[in-house]
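This report looks at a ligand and the pocket of the protein that surrounds it. Please keep the sequence and the structure in view while reading.

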Amino acid sequence: MKQTSLTKNLVGQTTDNVPIWLMRQAGRYLPEYRDVRAQAGDFLNLCYTSDLACEVTMQPIRRFDFDAAIIFSDILVVPHALGQRVGFVQGEGPKLDPIQSIARLNDFNQDDFLSHLSPVFEALDKTRTALPNDKSLIGFSGAPWTLACYMINGQGSRDYANVRHFAMSNKEEFKKIIQLLIDSISIYLVEKIKAGADTLQIFDSWAGVLSTDEFYDYCVLPTKQIIQNIKKIYPNVPIIGFPRGVGFNYQTYISETGINGVSCDQSVPLEMMKNFQSHVCVQGNLDNMLLRQGGQAMIDQAEKICQALSEKPFIFNLGHGVIKETNPDDVAKLVSHVKNFKKGRVNNAA
Ligand code: CP3
């Protein structure tokens with residue numbers, strides 16, 4: 001296992017300083033990202049051009065000295081590599097040709113799948129070379145449920161009612177889609193480790209719309225299978241899970257999936273996160289809206305989070321990704337506060 005402040009916390013140790021990175025730390029709130037984005041034209045072209053993907057991955061590291069880089073890509077490259085049409089419409093988000101059956105995808109072939117994604121692996125390799133040795137490189141994937149949401153609905157939705165309706169009315173076909181995703185995500189993440197990722201994160205951004213039973217079947221069990229598949233090959237690479245918005249069900253996710261770390265959204269009470277720390281490393285959970293506002297309220301909440309969680313395995317992050325209206329200067333202030341946080345005594349630096 002690579003030894004970084006991130007991986008140490010993820011395997012149950014603590015470090016002198018609180019490690020920090022932010023979901024969507026690369027993106028449109030950074031002027032240097034907007035420049036590269038304009039140069040790339042199409043968003044998928046940015047994801048599939050390894051030099052550009054490496055460059056935007058490194059931008060927030062250079063600017064803020066985060067403890068981890070997350071490889072720049074998108075969760076929707078997986079459905080794309082499976083043969084689905086995926087596009088990104090400026091200002092509207094992703095648009096896919098919706099599917100209702102795996103027959104609409106290419107017949108799964110591991111070599112073709114991996115060769116479609118080879119620029120992502122090249123970007124990882126280049127970033128590993130560019131990244132200081134004491135920093136982690138995170139590889140990620142969407143979880144089966146969240147990918148199925150986009151694949152079946154074709155675009156974002158508030159509640160994915162169409163997808164839940166499809167799963168209830170076509171249970172067997174839905175399970176086939178989930179199984180295909182379990183298999184392909186496992187292969188994808190193993191390959192990311194081979195290419196240089198020392199930590200993985202699985203984003204289940206839409207887990208919060210599921211009932212408790214659906215959550216178990218479509219989030220917990222698939223995640224557990226993916227983790228088992230990866231750990232068979234790389235038992236020591238830590239994996240973070242992010243079942244966003246699942247409330248009390250975070251507990252089930254932690255006890256059943258075999259995850260090393262759990263990323264918590266901003267609705268999770270710090271007391272609950274403290275309880276999770278008896279079992280796993282916790283990551284989170286500053287409200288991305290507080291970061292967008294900047295100012296003293298952001299600093300006060302960051303301080304409260306560090307005070308509550310820093311004595312046990314903990315990684316500072318947001319409850320969800322950086323919003324595009326965020327001021328980079330506020331990110332710099334947040335990072336400086338967390339990096340200067342001294343464990344074990346009351347910090348008045350705020
Ligand atoms: O810095 C990082 O965190 C790595 C980059 C990253 C992106 N997408 C880049 C991106 C990561 C980890 C993702 C994951 C992702 N993508 C998720 C899971 C995390 C989450 O936020 O819940 C989801 C649900 C998606 C799907 C997706 N991709 C949406 C809904 C959108 C549009 C939303 C928006 O902000 O416009 C995207 C596009 C996207 N992915 C952008 C970026 C920087 C913006 C596209 C652009 O530059 O025009």
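## The shell around the ligand

The shell of residues around the ligand is made up of 12 nonpolar, 6 polar and 4 charged residues, and these values, like the others in this report, come from a predicted model. In total 22 residues surround the ligand, and the closest of them are Arg-24, Arg-28, Tyr-33, Asp-74 and Ser-205.

## Polar contacts and cover

Taken on its own, the ligand has 870 Å² of accessible area, of which the protein covers 88%.

## The pocket that holds the ligand

Where does the ligand sit? The ligand sits in the largest pocket, and the elements that give two or more residues to the shell around the ligand are α2 and β3.

The largest pocket holds about 1,400 Å³ of space. Its lining consists of 39 residues, and those closest to the centre of the pocket are Arg-24, Arg-28, Asp-74, Phe-88 and Pro-94. At least two lining residues come from each of α2 (31-40), β2 (86-89) and β3 (93-96), while by class the lining of this pocket has 20 nonpolar, 11 polar and 8 charged residues.

Terms used. Residues numbered from 1 in each chain as written. Predicted model: local features only at pLDDT ≥ 70, side-chain atom pairs only at ≥ 80, totals over all residues. Heavy atoms only, no water. 1 Å grid on protein atoms, 1.4 Å probe; cavity = no way out; pocket = protein on both sides within 12 Å on 5 of 7 lines; lining within 4 Å. Points joined across faces, edges and corners; volume = space filled by probe spheres on them. Helix = DSSP H or I, 4+ residues; strand = E, 2+ residues; numbered from the N terminus. Nonpolar A, V, L, I, M, F, W, Y, C, P; charged D, E, K, R; others polar. Near = heavy atom within 4 Å. Areas by Shrake-Rupley, 256 points an atom, 1.4 Å probe, with all protein chains shown as cover. Sits in = over half its atoms within 2 Å of the grid points.
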